[in-house]
Amino acid sequence: MNDKTEQPNPDRITEFSPGTIRALIIATCATLLLVFLPYSNRDRSPSPQTFAPPQIVAAGVTVAQSINDFQGMPAERIRLRMRLSLLVSLLVGFVIAPVCVFWTWRFLQLKKLEPGKSDEKKNKHLAAKALMIVAGILLMYFCVSNVSSAILSPMVYNTLKLDNLMDRHRNAILQDLADIDYRAKQYLALPRELGGGYHSFKSTRDSRAERWVTLEELGLSAETKNGTYSIVTVKDDTLLVLKGVGKIPLADGTLPTYEFRSSQILSIPAKVN
Amino acid sequence: MAIVWMVVGSLMVVVPFLLFDNPIDPWPSIIAGGIGGTLFVMVFVFYVLWKTPFSKLVKVVSVSISLIAIVGTVISWTTMYEMSHFQQSLLKSIRTSIGYTILQDCAYGLVLPPLRTYHEQKASAHSPIGKIFLATNRERIHDGFCRVPDEPCYFDIRPLITDSVVTLTMVDSVAHGDKDGFANANGLRGRLQVSAVLTEKGVRYERQN
């Protein structure tokens, strides 16, 4: 461009007008505020709840309280800072961001329809646009995090429920095996006239047949709602190996199978006065 | 006018939030604030779109996006609420299951050796089972409580001993039982409680809460 022959384009000058600079400063300050607000606590570490959606913060608090309960500790009071941060995120997500976005959008639409192009109108136009961009980012963040969470969290929830079902199933089988083990130990301790084996796992029901005790003789059923059980081996009256087969198949289609080794309880010599 | 909308919206969020504020559980306050906020957003968005001369297409697209965002928010909040409470009940049931297994193990560790000793006695020197229980567990019983080595102190085991019956009432002071209002033997409420009754015929084990 030859400066001596060509006149400067007035549109280019307005790009750097006071209104543009003001709008840029507002946008920059808002961005810096968004970046550094999470570091505003005493230890200068980012506070995760500052911009986390409130439902995620609340879910985190519920799980943390459950862990305290699990460990036998009393429920912890939620700090005022966290409660205020939840309130602020609700206000930003439901009030401040939507009002700023929709009201500036309405303002820009109404101004567009008005005749005339004054400098003052252009400045207001730019400031409104800057505000709409900042509030729009906040609103987008709020909406995108909620909608993506609405899509993903049910999947996570279903996986969690399925995992828990398998865990409960496994624990129920192990509990049944432990019950059989206790009955077997009691069988060893009880005399024959009280239905026990008295130092032996041999069956007392039929003294002529040399066979090991069955679950039925221990007073238990070989099948429960959790699985089917059997005594696999008995070794020298000191070791009983139990087998439990679950009823809910694993991911590969096989039924979960557990072995439980039970050793004979030793009699502690008692001094009877 | 925008300021008025902002003040009204803030009141619709802040008032229910503070009314349902709970220092232990954040859900009541954020659900109350969220319902207030959702109602405000719906009214505000429809007002703006209705009062502003946008084209029909813009209005339809805006309403659709707003509805998707609102429905997404409701689904996300509901799922998070259910998921966190599911984990809470899961941790409770895991703790109860652990407590039950440990108490059962403690009970059998305390009662099976005396049962065995009782039936191994010679007829000439026959002692009652209660006496054998006391003799076998003498080192474990202090001030009316049974102390099982290597087990945490929140397992409260109280024996009631007669000559022919030994009843162990055991409370896990941390694990929750089935009924919240159940009065436990150690003065607590709603905790896991099991009993083991030892007679010469064996052990009867029963979960009381």
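Two residues are in contact if their C-beta atoms, placed from the backbone, lie within 7 Å. This is a predicted model, in which local features need pLDDT of at least 70, side-chain atom pairs count only at pLDDT 80 or more, and totals for chains, interfaces and linings use all residues. Residues are numbered from 1 along each chain as its sequence is written, while chains are lettered from A and ligands numbered from 1 in the order in which they are written.

Q: Which residues make H2(B) and H3(B) neighbours in contact?
A: From H2(B), B:Trp27, B:Gly34, B:Thr38, B:Val41, B:Met42, B:Val45 and B:Leu49 take part. They meet B:Lys59, B:Ser62, B:Val63, B:Ser66, B:Ile70, B:Thr73, B:Trp77 and B:Tyr81 of H3(B). By class, this contact has 9 nonpolar, 5 polar and 1 charged residues. Ala, Val, Leu, Ile, Met, Phe, Trp, Tyr, Cys and Pro count as nonpolar, Asp, Glu, Lys and Arg as charged, and the others, Gly among them, as polar.

Q: What are the crossing angle and the distance for the axes of H2(B) and H3(B), and how is the pair classed?
A: The axes come within 11 Å and cross at roughly 175°. H2(B) is therefore roughly antiparallel to H3(B), a label for angles over 145 degrees. Axes here are lines fitted to C-alpha atoms, for helices over the stretch in contact, with angles from 0 to 180 degrees between N-to-C directions.

Q: What makes these segments of chain B helices, and where is confidence highest and lowest?
A: Helices are DSSP runs of H or I with at least four residues, strands are runs of E with at least two, and both are numbered from the N terminus. Confidence in chain B is highest in helix H2 (residues 27-51), at 92, and lowest in strand S2 (residues 145-146), at a mean of 74. The scale is pLDDT, the predictor's confidence in each residue, from 0 to 100. Chain B averages 87, and 96% of the residues score at least 70.

Technical notes: Parallel < 35°, antiparallel > 145°, perpendicular 65-115°, else oblique.
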